[in-house]
Amino acid sequence: MTTKPETKEFQAEVKKLLDIVIHSLYTEKDIFLRELISNSADALEKFRLKQLLEDEVFDKDASLDISISVNDKEHTLTIIDSGIGMTREELEHNLGTIAHSGSKTFLSELGEAQQKDINLIGQFGVGFYAAFMVAKKVRVKSRSYKVDEEGYEWASDGTGSYTVTRESGLHRGTKIILELKDDAHKYADEETIKRIIKKYSNFVSFPINVGGEAINTVQALWTKSKDDIKEEEYTEFYKFIANAFDKPLSHFHFSADAPLAIKSLLFVPGDNMELMGFGRMDPGVSLYCQKVLIEQHSKNILPEWLRFLKGVVDSEDLPLNISRQALQDNALVAKLKKIITTRFLKFLKEQAKNDAEQYEKFWTTFGLFLKEGATTDYTHRNDLAQLLRFESSKSEAGKLISLAEYVERMPEGQDEIYYINGPSREAIETGPYFEVFKRRNVEIIYTMEPIDDFVFTHLSEFDGKKLVSGDRADLKLPEKTEENKEEKDTDSAEELDTPIAQTLAKWMKDVLGDKVKDVAISKRLVDSPAMIVNPDGFFTSSMERVMSATNQEHKIGSKNLEINCSHPLIKGLADMRIKDEEFAKNIVSQIHDNAMIQAGLMIEPRSMVERSYKILERVLGKESA
Ligand code: ADP
Ligand code: MG
């Protein structure tokens, strides 16, 4: 029995999406088949689970597979699955609105940049709507697995609306009929279809029949032994599960029997989509129990900072009937998560040891995620600390060292690890903080990313050694070692007499008022006249910069200004204060502003610029006089 079709409008976003899909010149149209097959496979996976959990299902004995047929006279392509099917409401919701993540991401990434759209179609897959790249009309006949439902046909030419009609006599699952566009007739050819399936859908875990013959390799690669898997198979499998076109950077295939039975295959992708500006990634590892999908792209199986991984975790210890909700606070899942994370970090540590080059590639592409982990994940922070890499004053430019290497070459008498933040190696090495480290030949780590100082503050120590920022006011560097004893600690230039220096510092504090907590006489400056240091030290200047950039409320804590009493500028200032106090005050403010800039902290540019012009004018006035 067939009833009258009912016509409905697509949701506005869907219209927009369809418009792009239909008119795009995207050349890789083949991917439409990947999208439809993956939907069928998802529907079959969902059915397999329902079948285990529910008493009654419709068409109980239908075999679980996907069949594809073509008609080259009528130019049609038909894809049939015996999956979970859709009710009328599901047809309208799933195919009439933007409900799923793939096309949502696509639309939001699309933004204004129309140029980008074409490649994004392939990157994210626009899901079901990809059918309209090759079809002028799409009909979807579906019958839900629920026993007391009926079958419906959904049909559309992709322009503004679709129809829904009741249709009797349908089997469980979904049948999609594409009426191919004139320029897409080639898809009504079995050989073409087979080739595309081999390319994109070879690992679908249900047979895909074309012309009555199963043509994919049905297997759960993660359950096979490593020795039986070829490198290309890993790569193909990665491309399949991650919907990706790149090659994975590496894979980690492991199994365990105790304390939990685990079979897992994880991939590090070739590219970091977040770094490329595609926004925050969704997790990419799915949870299985004996090859039955429990949760796709699970948020629960790995910590958030491992969201860049793709792959599968299969554990037969998981109860099949576990609900999404229950997964979240299931003790077993938490245990799995911990084991897999620990094992993966161990894998990275081994890679770092045995294949440093490969690890460095990983670190430059995904290191930021490990830093995120180090600041958010208490459980794994010690493992993570061992994986961090930085440049340092004793590494060549661009070469990275680990904290362990730093500790290994720490001379006797040094029991802290030093680091300093700056925008670049050059900026750090010419800045005031570096001076004393250079003079005393003490290694210092360069932190050049905004997150780095948060990482070190969270870790607080490594291998029992405190991590200390070089901009601390109370910095106590190790006593001089034998090898650098020769070097003089202070410049040979004469210093101001102590009482004069003390009076000067006190006066400078009065001039600067609330802008500083204190003005102190430096024991560490060599070439610079002054610098900003942090008196009570939880935050480094770099952290303060990040916080005030991201949070309007954040008030920068007050700092100390350290002055170098053997520097000509400071010595001259002592004289100027007596000759022309007003002008000397300008100089104090300028020194402070300059030091703030070197610390990477905000200053008020307008008054700074005005003041510096005043100072310049005076210099020129003197010259020309
Ligand atoms: P996604 O697969 O990312 O969810 P799609 O656009 O590919 O997005 O599909 C939208 C939704 O339509 C799916 O989530 C699913 O609920 C439903 N759907 C699509 N194809 C089928 C199918 N063959 N069987 C059952 N449901 C399907
Ligand atoms: Mg899909």
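Lys 371 and Asp 452 form a salt bridge, with their closest N and O atoms 2.7 Å apart. A salt bridge here means a side-chain nitrogen of Lys or Arg within 4 Å of a carboxyl oxygen of Asp or Glu. Lys 371 lies in helix H10 (residues 356-376) and Asp 452 in helix H15 (residues 452-459), so this pair ties together parts that are 81 residues apart in sequence. Helices (H or I, at least four residues) and strands (E, at least two) are DSSP runs, numbered from the N terminus.

Before we go on, please note that this is a predicted model, in which local features need pLDDT of at least 70 and side-chain atom pairs count only at pLDDT 80 or more, while totals for chains, interfaces and linings use all residues. Residues are numbered from 1 along each chain as its sequence is written, chains are lettered from A and ligands numbered from 1 in the order in which they are written, and side-chain values use heavy atoms, with hydrogens and water left out.

Are the two partners buried or exposed? Lys 371 counts as buried at 5% relative accessibility, and Asp 452 counts as buried at 1%. The word buried stands for under 20% relative accessible area, exposed for over 50%, and partly exposed for values in between (1.4 Å probe, protein chains only).

Side chains of opposite charge can pair when their charged atoms come close.

| Pair | N to O distance |
|---|---|
| Arg 88 and Glu 6 | 2.8 Å |
| Glu 92 and Arg 88 | 3.2 Å |

The pair of Arg 88 and Glu 6 has a salt bridge that links distant parts of the chain: Arg 88 belongs to helix H3 (residues 88-96) and Glu 6 to strand E1 (residues 6-9), 82 residues apart. Glu 92 and Arg 88, on the other hand, are four residues apart in helix H3, which means that about one helical turn separates them. Arg 88 is buried at 19% relative accessibility, and Glu 92 is buried with a relative accessible area of 16%. Glu 6 counts as partly exposed, at 38%.

**A sheet of five strands**

Next, look at an open sheet of five strands, in the order E15-E17-E16-E19-E18, with mixed pairing. Strand E15 (391-392) and strand E18 (461-462) are its edge strands, and each pairs on one side only. Two strands pair if DSSP finds at least two bridges between them. E15 and strand E17 (residues 445-447) pair in the antiparallel sense over two bridges. Ser 392 has Ile 445 in E17 as its bridge partner.

**A histidine in a loop**

Where is His 567? His 567 sits in the loop between strand E22 (559-563) and helix H18 (568-579). His 567 is buried, with a relative accessible area of 16%. A polar atom of its side chain lies 3.0 Å from the backbone nitrogen of Leu 569. Leaving aside residues up to four places away in sequence, His 567 touches Asp 527, Ser 528 and Pro 529, where contact means heavy atoms within 4.5 Å.

**On helix H20**

Finally, find Leu 616 in helix H20 (residues 605-624). Leu 616 is partly exposed, with a relative accessible area of 47%.

Key:
A polar contact is a pair of N or O atoms within 3.5 Å; within protein, one must be able to donate a hydrogen and the other to accept it, and residues adjacent in sequence count only if both atoms are side-chain atoms.
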